[in-house]
Amino acid sequence: MKRSILILITIVFSSLSVSAQKLAYESSLQSFGYKNDNGTWKIAPKFQRAGEFEGSNRKWAPVKLDGHWGCIDIDGNMICRNLFPSKDVAREAGHEWEIMSEPGKWVYPARNQADGRWGFVDYYGRWKYQPIYEKANPHQGKDPKSFATVRKEGRWGCIDGRGVLVCNNIFLTQEQAEEAGRQWSIGRNYYRWRIATTNPKTGLWGFVDYLGRWAVQPSYNDYRPFGDDNCYEYTQVKQEGRWGNINRNGEVITVSIFLSAEDAAYALKQYEMGRTLEGWRFPVSNPADGKWGWVDWSGEWRIQPRYEDASHFASDTGLFATAKYDGYWMVVSDTGEDLSRNVFTLSSEAWQAGNEWDTHQELGHWLYPIMDPGTEAWGYVDYKGEWVIKPTLEDAKLFMNVWNDRVAPAKMDGKWGCIDHTGQFVVKNQFNTSAEAAMAGRRWAEGKRF
């Protein structure tokens with residue numbers, strides 16, 4: 001009975017002594033300490049920051065000294081060395097001290113004040129894992145799969161609860177290393193998960209698994225991720241200025257020939273849809289000389305690059321496209337055959353001619369105004385680019401289709417009029433502008449002949 005009374009008195013006295021220790025700030029010293037109820041200092045003001053005493057059985061308080069956090073007991077003794085980077089981490093250590101956990105069961109990141117390196121300490125602040133890192137963060141998850149992100153030689157990785165490096169220091173950011181650590185902790189997506197990083201020596205991009213080992217060797221100038229979760233089967237990569245597609249093992253799906261990542265992704269869709277190589281054409285310039293041709297989705301040439309410019313085939317599966325050769329546009333078939341001469345000034349004009357061919361219209365049903373490069377005189381050609389109206393005009397415009405009586409504004413002797421399909425002026429060339437001649441041509445087509 002006497003022993004119980006003695007213990008009770010001790011507890012009451014202890015609680016009274018702790019409650020008497022109030023956090024206080026000394027403005028002259030710009031420091032924190034703790035005072036008794038009578039206002040005298042119980043623990044001298046020497047801390048840069050401090051918190052209230054916590055705990056039920058053994059009281060402690062977080063304090064900041066020399067730029068780092070630790071914990072003191074009710075007598076001001078440093079029970080957890082001031083090595084911790086934040087108040088929250090110091091409080092975790094204080095709780096462990098309070099319940100008298102096994103030292104080292106849990107470790108905390110701490111910075112060595114001597115050289116600025118980071119390591120991990122137990123709650124007393126004793127080094128558990130030596131300070132060899134440029135930065136370290138608290139452990140995440142539960143044992144035996146807890147991990148902490150650490151940075152060494154400018155790169156991030158992960159160590160487990162025993163201090164063993166489980167994700168190599170290859171990741172560019174802490175966030176990437178954390179994602180890798182989470183994949184490691186759940187043991188998923190080992191064969192699927194890929195994240196991009198660079199070779200520290202060459203700066204070229206490759207892809208690693210969550211252990212930080214190269215799954216796709218670093219040989220690329222740029223990249224796109226393997227989907228939002230880094231688990232998609234394919235992605236786009238850039239090599240020597242051009243884009244292509246690879247799978248997650250680095251196997252080439254599409255040669256790096258495309259001008260943009262979007263074009264390469266479009267080609268990949270053809271592959272994923274099971275489209276045959278023969279059924280798709282895409283305009284691309286040759287890296288060697290800049291000439292244009294067409295490739296299939298694998299990036300192999302289907303129509304050799306010999307043009308100055310090139311258009312798409314309709315839906316990339318059509319039967320014709322337009323190409324520029326010696327400064328003028330022409331129509332090309334999906335096999336590379338020339339469907340017209342290169343006489344058109346605009347790609348749109350050549351495209352209309354190609355559409356005539358594609359829809360099996362009567363040759364010469366439509367005529368196109370063309371200037372002869374040699375004489376600089378204007379005439380009209382059919383969709384094959386052959387002269388139907390010889391180039392003798394000073395200027396010419398497209399034919400107007402009105403009531404099946406087609407006329408076109410044309411200029412001769414400095415004045416505008418309108419000609420028919422034979423090249424004869426049906427509206428006399430007496431107007432100053434092509435617009436005036438066109439208006440007169442419409443009236444003529446309506447039967448109001450001059």
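The legends below describe a predicted model of one chain, first as a whole and then in several close-up views.

In this predicted model, local features need pLDDT of at least 70 and side-chain atom pairs count only at pLDDT 80 or more, while totals for chains, interfaces and linings use all residues. Residues are numbered from 1 along each chain as its sequence is written, and side-chain values use heavy atoms, with hydrogens and water left out.

Figure 1. Helices (H or I, at least four residues) and strands (E, at least two) are DSSP runs, numbered from the N terminus. The C-alpha trace spans about 135 × 50 × 40 Å along its principal axes, and the chain has a radius of gyration of 41 Å, whereas a compact globule of 450 residues would have one near 22 Å. This radius is taken over C-alpha atoms, and the globule rule is 2.2 Å times the number of residues to the power 0.38. Buried residues make up 44% of the 450 residues, where buried means under 20% relative accessible area, exposed over 50%, and partly exposed in between (1.4 Å probe, protein chains only).

**Figure 2. The largest nonpolar core, which has 16 residues.** A nonpolar core is a set of buried Ala, Val, Leu, Ile, Met, Phe, Trp, Tyr and Cys residues joined through side-chain atoms within 4.5 Å. The members that touch the most others are Cys158, Cys167, Phe171, Ala180, Trp184, Trp193 and Tyr210. At least two residues of this core come from each of β13 (155-160), β14 (165-171) and α3 (174-186), and β14 gives the most, with four residues. Not counting residues up to four places away in sequence, alanine 180 touches Cys167, Phe171, Trp193 and Tyr210, where contact means heavy atoms within 4.5 Å. A second, separate core has 15 residues, including Cys71, Ile79, Val89 and Ala110.

**Figure 3. Asparagine 230, in the loop between β18 (222-223) and β19 (234-239).** Asparagine 230 counts as buried because its relative accessibility is 8%. Although asparagine 230 and tryptophan 193 are 37 residues apart in sequence, they are 5.4 Å apart in space, C-alpha to C-alpha. With residues up to four places away in sequence not counted, asparagine 230 touches Glu179, Arg192, Trp193, Arg194, Ile195 and Pro225.

**Figure 4. Asparagine 286, in the loop between β22 (282-285) and β23 (292-295).** Asparagine 286 is buried because its relative accessible area is 17%. Leaving aside neighbours within four places in sequence, asparagine 286 is in contact with Arg242, Lys291, Trp301 and Pro305.

**Figure 5. The cis peptide bond from aspartate 143 to proline 144.** Most residues other than glycine have a negative phi, and most peptide bonds are trans. The bond shown here has omega near 5 degrees, and proline 144 lies in the loop between β11 (135-136) and β12 (147-152).

**Figure 6. Methionine 100, which has a positive phi although it is not a glycine.** The phi of methionine 100 is about 60 degrees, and this residue is found in the loop between α2 (87-98) and β8 (108-111). Methionine 100 is exposed because its relative accessible area is 59%.

**Figure 7. Glutamate 153, in the loop between β12 and β13.** Glutamate 153 is not a glycine, yet has a positive phi of about 55 degrees. Glutamate 153 counts as exposed because its relative accessibility is 72%.
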